[in-house]
2 protein chains.
Amino acid sequence: MVEILIAPHAGFCFGVRRAINIAEKASLLTQEGRRVFTMGPLIHNPQEVDRLRGKGVEVLSSADGLREGDVVIVRSHGIPPKRERELRRKGLTIMDATCPYVKAVHEAVTQLAKEGYFVVIVGEKDHPEVVGTLGYLEEAGGEGAVVERKEDLREVLGKERVGVVAQTTQNEAFFKEVVGELCLWVKELKVINTICNATSERQEDVYQLAPEVDVMIVVGGRNSGNTRRLYQISLSLNPRTYHVELPDELQPDWFKGVKRVGVTAGASTPDWIIQGVVEKIRELCS
Amino acid sequence: MVEILIAPHAGFCFGVRRAINIAEKASLLTQEGRRVFTMGPLIHNPQEVDRLRGKGVEVLSSADGLREGDVVIVRSHGIPPKRERELRRKGLTIMDATCPYVKAVHEAVTQLAKEGYFVVIVGEKDHPEVVGTLGYLEEAGGEGAVVERKEDLREVLGKERVGVVAQTTQNEAFFKEVVGELCLWVKELKVINTICNATSERQEDVYQLAPEVDVMIVVGGRNSGNTRRLYQISLSLNPRTYHVELPDELQPDWFKGVKRVGVTAGASTPDWIIQGVVEKIRELCS
């Protein structure tokens, strides 16, 4: 009989749960004949986004087709303040599902910029959260750079006063490395650790679980940065790590002769998908 | 024929050279019948301290025997401000040889304390420089801790806002490690890198030189913290590393069959000792 160990913090975080609640509430407005949209997928999980679409919450990639009276949900990753003003000017109803931990990053970069620091955001250049944060940095009149790889530090090393924040779902080990490097090169460094608790807990789970099991399954959207990082951490500890979005992707030969399987999931992975994966593993191992 | 490679930045740093100049100048006052003292050895090199004693500069461990009109040299490591006031109250002439880079550490902890940070000094608990810096922290009404080993971080991890400085001659790798650890644990971290350039350059030399030679000789006082750290770094890169204070300590069997010898020296090691060591190596290898 295979043993399946589910990471204690697998799945939805506070910010995602909150965003989905807001979207569910917004969906009720469709009964009054109003159109409800999210700007980009609400969370980085296609299946959950489909589920909400079934309730009338549509995904938009551009604001072009919107008209007065439409409801727009700002997703958990947040948006640049300039963008928010544009939407409001169109006479749209804005429902803000920006994660409070992401708002804390916006406040941190605003504060650092006002204190005159060159601001380093440790994160993914194209991630919507980072794009939103850069918008707040610009709003505060600040200068800065996104550091995704160590090479990105090159343009920072000449600066005298550097402030550092992180995308909420960053890899802690990489954040630590960047800060360690910077502290030797710049005269004054101010670090506000904005990696959220949910991220630390999920990563900590993987450090504990991955070395203890024969196979590790990481469940979540392929477009989910935090899921990809759980996968990378797990892979570095256990070569038999697989990233799946859905139960059907599980391959029987991954589980041949396997006694213990670990399962974790990104912060945007709904419980019903995690459950589906666990059931499928049980089926394949029986 | 053995090849001897001397590290480009071996020996006296700016602050030590300056302190010795001040002591030489002070020694002239003995010709006017005044007594000249340093509080503790001027630098951590017994031989250079002896040379200055020959010129009338005596070393004191306590201020008890001092009387009005005596000249007291504050050594390059600096002293707590309270101590300086005590000396002045005795009617002594103070000649301040505190290294300007050490003064910068005093300013940094004062600033951090005033900004309300809990101040971490990465350094040796009993080193006179750290004792002096702690005096400035106390003067500013600040709270803090000295971190000499990773375990010392335990009492810091509960703090929300932490400021970090370093003893000027700290190991950069350890400083980096401490800052990296702290940035994950505290909410806000402000780092002022006070490791002096002379320290970075000497350590960088060792990283370059030690792996390239058969034997590495580190020259300097056994009581010199920065020399000991050069020794530790070198040892981690080349097991055939030896720390000597004087040429006579060199052992013939260290150099059997050796083609390349590297030599470096701490910031308080005078040129005449480095030269003596180089000549002795040549003799033993000939």
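A:Thr227, in this predicted model, is in contact with A:Val218, A:Val219, A:Gly220, A:Gly221, A:His243, A:Gly266 and A:Thr269, when its neighbours within four places in sequence are left aside. The residue lies in helix 8 of chain A, which covers residues 225-237, and with a relative accessible area of 0% A:Thr227 is buried, because buried means under 20% relative accessible area. The points below turn to an annotated glutamate, to the aromatic pairs and to charges over rings.

**The annotated residue A:Glu129**

- In an unreviewed entry, UniProt lists A:Glu129 under "active site", and such an annotation may be inferred rather than shown by experiment.
- A:Glu129 is placed in helix 5 of chain A, a helix of residues 128-139, and its relative accessible area of 2% makes A:Glu129 a buried residue.
- Apart from neighbours within four places in sequence, the contacts of A:Glu129 are A:His77, A:Val102, A:Val105, A:Ala166, A:Gln167 and A:Thr168.

**Aromatic pairs and a cluster**

- Over all chains, the structure holds six aromatic pairs.
- One of them joins B:Phe14 and B:Tyr101, whose ring centres are 6.0 Å apart and whose planes stand at 65°, so this pair is edge-to-face, given that planes over 60 degrees apart count as such.
- B:Phe14 belongs to helix 1 of chain B (residues 14-27) and B:Tyr101 to helix 4 of chain B (residues 100-114), so the pair ties together parts that are 87 residues apart in sequence.
- B:Phe14 is partly exposed at 47% relative accessibility, and B:Tyr101 is likewise partly exposed, at 41%, because values between under 20% for buried and over 50% for exposed are counted in this way.
- B:Trp254 and B:Phe255 form a tilted aromatic pair, with 6.3 Å from centre to centre and 55° between the planes, and both B:Trp254 and B:Phe255 are buried.
- In chain A, one aromatic cluster is formed by A:Tyr242, A:Trp254 and A:Phe255.

**Charged ends over rings**

- In chain A, the ring of A:Tyr117 has the charged end of A:Arg161 sitting over it, at 4.3 Å from the ring centre.
- In chain B, the charged end of B:Arg161 sits over the ring of B:Tyr117, and here the distance from the ring centre is 4.2 Å.

Definitions and conventions. Residues are numbered from 1 along each chain as its sequence is written. Chains are lettered from A and ligands numbered from 1 in the order in which they are written. This is a predicted model: local features need pLDDT of at least 70, side-chain atom pairs count only at pLDDT 80 or more; totals for chains, interfaces and linings use all residues. Side-chain values use heavy atoms; hydrogens and water are left out. Helices (H or I, at least four residues) and strands (E, at least two) are DSSP runs, numbered from the N terminus. Buried means under 20% relative accessible area, exposed over 50%, partly exposed in between (1.4 Å probe, protein chains only). Contact means heavy atoms within 4.5 Å. Rings of Phe, Tyr and Trp (its six-membered ring) pair if their centres lie within 6.5 Å; planes under 30 degrees apart count as stacked, over 60 as edge-to-face and the rest as tilted. A charge sits over a ring if NZ of Lys or CZ of Arg is within 6 Å of the ring centre and within 35 degrees of the ring normal.
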